[in-house]
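Me: I'm new to this one and I'd like a close look at just one part of it. Could you start there and then show me what lies around it?

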Amino acid sequence: MPLVYCGACSHAPGMTGRAERADTQTRQAVQGAFRRMGDDIRATKPDALVVIAAEHFANFFMDNMPAFAIGMADGYEGPIEDEAFLRIKRTTVPGNKALSRRLIESVMQTVDVAYAEEWKFDHGISVPLHFLTPDYDLPIIPANINCQGPPLAPLARAWAFGEALRRAADAVPERIALIGTGGLSHWPATPDSGKINREWDQEFLRRWSANDREALLSYTDAETYREAGQGGFEIRTFIAAAAAAKGAKGTVDFCEPVPIFAVSCTLAHMHIAA
Amino acid sequence: MSLYQVQKLIYQLNRDPRIRQRYAEERDAVLGEYDLTPEEIGALVKPDIGLLYVLGVNGQLLMHFAALHRIEWPDYLERMRQGLKDHGPVREGVYAATGYEGVEAHDARLKAEREMH
């Protein structure tokens, strides 16, 4: 079936772990935006949700770092973080090993993706799922782009990964939804946690909504690091989602800078013809 | 300088409960399995979060190492700031400090902007 949903959202751990430190109005607005995205995803009656995340050394480390990876298991434990830190209860989220394998075999035709039969979710997947599928009733196909340990996956390859995932999703009989998760500008886990370059975020989202491949791929890592911090490297997940939209344009459903959550909390979707 | 080894130990502590258990019971033996300098061992044992930050430990590893030692988030941020004062700028990696007004001042500025519109 053709891809049924394509979107992107934030995964900042502060949205759950430090939720009460934001003012009530902000917290409710963020959570409401996530609920709406969850409703939109469910309305497309997906059989599985591909989550393209930027994991943070939960599974992959600099001893053997894949540029791209896809999980291939019937279940995934998460979150790996301390439950008190993230305030999400650890659980096993369903996967679909057979479907993963078919998707991976297709993606491999154009992108040398690693596969993983073991995969622990960290906040990059667990925080979005906490809001989007709180009952954990939708099988998840986790995908990862190395946004953490340089040298990083080049943006053009992140785009190719998104295209490959789209081809793969379109080729299977199941109804596949897909989201990218990550921050735009942010300086997480540094003394500057909370710093946000709002203008940079808005310009990035303008390019994303226009699905302007050339403009999206024109960022250099040096420029991103300077303007958007090391957290900005996670734009790769948004870029892959844009590629998966196959030229469709997007809408930014929510984008508000929330310093205590350390990002512009962002939710957006592409108008794919499902 | 063996930042990679420091980060590898923290990575393994973060994800493997068995290593956490061993680290609690026989820390020196675990530390001996990694190629670490005396400065790095000192920073890990104390733990000196500020020095580990300055040595260049990736924040996505360090914040969980801090949580493992029951260091709360605001304290974790403060220890990194103190580390910069005590040990100078971050020596490696991509988690350098770049200067920030702080969450409270930032919130106040955003609120003022909203009220203006």
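Which residues does Ala160(A) touch, not counting residues up to four places away in sequence?

Reply: Ala160(A) touches Thr110(A) and Val111(A), once residues up to four places away in sequence are left out. (Two residues are in contact when their C-beta atoms, placed from the backbone, lie within 7 Å.) A quick word on what you're looking at: the model is predicted, so local features need pLDDT of at least 70 and side-chain atom pairs count only at pLDDT 80 or more, while totals for chains, interfaces and linings use all residues. Residues are numbered from 1 along each chain as its sequence is written, with chains lettered from A and ligands numbered from 1 in the order in which they are written.

Back to Ala160(A). You'll find Ala160(A) in helix H6 of chain A, which covers residues 155–171. (Helices, H or I with at least four residues, and strands, E with at least two, are DSSP runs numbered from the N terminus.) Ala160(A) has 18 C-beta neighbours inside 10 Å, so it counts as partly exposed. (Buried takes 20 or more other C-beta atoms within 10 Å, exposed 12 or fewer, and partly exposed is in between.) Try finding Val107(A) too: Val107(A) and Ala160(A) are 53 residues apart in sequence, yet 9.5 Å separates their C-alpha atoms in space.

Now follow the helix itself. The axis of H6(A) comes within 7 Å of the axis of helix H10 of chain A (residues 235–244), and the two cross at roughly 45 degrees. That angle makes H6(A) oblique to H10(A). (Under 35 degrees is roughly parallel, over 145 roughly antiparallel, 65 to 115 roughly perpendicular, and the rest oblique; angles run from 0 to 180 degrees between N-to-C directions.) The crossing of H6(A) and H10(A) is right-handed. (Right-handed is when the near helix is turned clockwise from the far one by less than a right angle, left-handed when anticlockwise.)

Who does the meeting? From H6(A) come Leu155(A), Ala158(A), Trp159(A), Phe161(A), Gly162(A), Glu163(A), Leu165(A) and Arg166(A), and they meet a set in H10(A) that includes Arg236(A), Ile239(A) and Ala240(A). The residues of this contact split into eleven nonpolar, one polar and three charged. (Ala, Val, Leu, Ile, Met, Phe, Trp, Tyr, Cys and Pro count as nonpolar, Asp, Glu, Lys and Arg as charged, and the others, Gly among them, as polar.)

Pro151(A) sits in the loop between strand E7 (140–145) and H6 of chain A, and the peptide bond from Pro150(A) to Pro151(A) is cis, with omega near 5 degrees. There's another cis bond from Gly78(A) to Pro79(A), with omega near 0 degrees. Pro79(A) belongs to the loop between strand E4 (75–78) and helix H3 (83–86) of chain A.

Ala189(A), in the loop between strand E8 (176–181) and helix H7 (198–209), has a positive phi near 55 degrees despite being a residue other than glycine. Ala189(A) is buried, because 27 other C-beta atoms lie within 10 Å. Lys45(A) also has a positive phi, near 50 degrees, and is not a glycine. Lys45(A) lies in the loop between helix H2 (24–43) and strand E2 (48–53). With 11 C-beta neighbours inside 10 Å, Lys45(A) counts as exposed.

Finally, zoom out to the partner chain. 28 residues of chain A are in contact with 27 residues of chain B. The chain A side of that contact has 15 nonpolar, six polar and seven charged residues. Chain B has eight helices and zero strands, and its C-alpha trace spans about 60 × 30 × 20 Å along the principal axes. Buried residues make up 30% of the 117 residues in chain B.

Chain B has a helix crossing to look at as well. H1(B) (residues 3–15) and H6(B) (residues 59–68) have axes that come within 9 Å and cross at roughly 55 degrees, and H1(B) and H6(B) are therefore oblique to each other. Their crossing is left-handed. Among the residues that meet there are Ile10(B) and Tyr11(B) in H1(B), and Leu61(B) and Phe65(B) in H6(B). By class, this contact has seven nonpolar, three polar and no charged residues.
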